[in-house]
Amino acid sequence: MSEPKHGARVLVVPCLADNYAYLVVGDRGRAVVVDPSEAAPVERALETAGLELAAVLCTHHHWDHVGGLAELRARRGVLEVYAHAIDAARIDGAVHELGDDEPLCVAGLDFAALHVPGHTLGAVAWFGAGAVFTGDTLFLAGCGRLFEGPAAMMRASLERLAALDGDTRVYCGHEYTVANLRFAATVEPENHAVAARLERALAARASGRATVPATLAEERATNPFLRCDEPEIRRRFAGATLDEVFAEVRAAKDRFK
Ligand code: ZN
Ligand code: FE
């Protein structure tokens with residue numbers, strides 16, 4: 001796919017308790033929405049910005065990412081919805097099924113549907129417009145729970161995302177950044193980039209701002225789930241494979257309060 005040099009404009013749409021939907025602004029007053037958890041906030045954002053909805057991109061089948069589809073459909077009649085084939089079958093209504101790395105051009109925007117299984121078996125990261133929309137696979141400073149795949153599968157998916165350009169902007173499915181960085185600080189107490197990022201995230205939240213987007217470079221520097229090969233982390237799991245280290249860190253996050 002051809003990646004535009006300049007990134008597209010992305011509007012952050014808070015939904016439910018801590019979900020984010022995103023409007024990616026394309027050409028001729030059109031936008032695509034990623035993960036419409038709810039219809040009403042998405043409709044309001046479209047109206048405020050004076051945008052037409054061209055398509056819906058789903059990162060995975062969970063209700064807190066596709067919950068607004070029925071209402072968006074009811075208002076519009078026709079709605080172009082895209083998801084990976086494995087998760088498409090689990091999303092209500094007609095959904096275009098895409099395979100790994102399949103290109104999608106809509107509203108003048110080029111995306112690739114990167115198949116990143118682990119959280120769900122049909123999870124997709126939508127890569128395009130200078131950004132990557134990662135759903136519940138890669139969070140800022142964290143990653144999603146292993147609901148449908150083993151640790152090795154999730155780690156491979158995260159590694160694939162981590163290999164994208166460092167200046168790629170990461171937009172994830174939930175505002176979990178502060179909690180994730182608090183956990184990251186327990187995994188890498190010596191990592192000053194983690195501490196500094198936690199300060200910034202706390203300041204953003206205290207003033208009501210979203211922490212998204214981050215860059216992939218920031219993620220590589222601070223996200224423990226992308227850093228299992230760092231000596232400081234590996235040392236604690238002597239003799240363990242990278243997949244085992246990842247599984248241990250993920251399990252520790254599940255227990256972390
Ligand atoms: Zn999910
Ligand atoms: Fe979610």
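1. In this predicted model, His-65 has a relative accessible area of 0% and is therefore buried. The histidine is also one of the residues that hold the iron ion (ligand 2), which is coordinated by Asp-64 (OD), His-65 (NE2), Asp-136 (OD) and His-174 (NE2) at 2.1 to 2.3 Å. His-174, at 4% relative accessibility, counts as buried too.

2. Along the chain, the donor residues of the iron ion (ligand 2) follow the spacing D-H-x70-D-x37-H. Because His-65 sits in helix H2 (residues 63-66) whereas His-174 belongs to the loop between strand E13 (169-172) and helix H6 (177-187), the pair ties together parts that are 109 residues apart in sequence.

3. The geometry at the iron ion (ligand 2) deserves a careful description: its 4 donor atoms subtend angles of 83 to 164 degrees, and the arrangement is therefore irregular. For four donors to count as tetrahedral, all angles would have to lie between 85 and 135 degrees, and the range given for the iron ion (ligand 2) runs from 83 to 164 degrees.

4. The zinc ion (ligand 1) is coordinated by His-60 (NE2), His-62 (ND1), His-119 (NE2) and Asp-136 (OD), at 2.2 to 2.3 Å. Here the 4 donor atoms subtend angles of 89 to 170 degrees, so that this arrangement is likewise classed as irregular.

5. In sequence, the donors of the zinc ion (ligand 1) are spaced H-x1-H-x56-H-x16-D. Distant parts of the chain are linked by a pair lying 17 residues apart, with His-119 in the loop between strand E8 (109-115) and strand E9 (124-128), and Asp-136 in the loop between strand E10 (131-135) and strand E11 (138-139). Both of these residues, His-119 and Asp-136, are buried.

6. What connects the two metal sites is Asp-136, which bridges the zinc ion (ligand 1) and the iron ion (ligand 2), the two ions lying 3.3 Å apart.

7. A separate point concerns the largest pocket, whose volume is about 370 Å³. It is lined by 20 residues, of which Phe-139, Arg-145, Tyr-176, Arg-250 and Lys-253 are the closest to its centre. Helices H2 and H6, together with helix H10 (242-255), each supply at least two residues of this lining, and by class the lining comprises 6 nonpolar, 6 polar and 8 charged residues.

Key. Residues are numbered from 1 along each chain as its sequence is written. Chains are lettered from A and ligands numbered from 1 in the order in which they are written. This is a predicted model: local features need pLDDT of at least 70, side-chain atom pairs count only at pLDDT 80 or more; totals for chains, interfaces and linings use all residues. Side-chain values use heavy atoms; hydrogens and water are left out. Donors are N, O and S atoms within 2.8 Å of the metal (3.2 Å for Na, K and Ca); water is not among the atoms, so sites may look incomplete. Four donors count as tetrahedral if all angles lie between 85 and 135 degrees; four count as square planar and six as octahedral if opposite donors are over 155 degrees apart and all others between 65 and 115; anything else is irregular. Helices (H or I, at least four residues) and strands (E, at least two) are DSSP runs, numbered from the N terminus. Buried means under 20% relative accessible area, exposed over 50%, partly exposed in between (1.4 Å probe, protein chains only). On a 1 Å grid over the protein atoms alone, a cavity is a set of points where a 1.4 Å probe fits but cannot get out, and a pocket is an open set with protein on both sides within 12 Å along at least five of seven lines; lining residues have an atom within 4 Å of a point. Grid points are joined across faces, edges and corners, and a volume is the space filled by probe spheres set on the points. Ala, Val, Leu, Ile, Met, Phe, Trp, Tyr, Cys and Pro count as nonpolar, Asp, Glu, Lys and Arg as charged, and the others, Gly among them, as polar.
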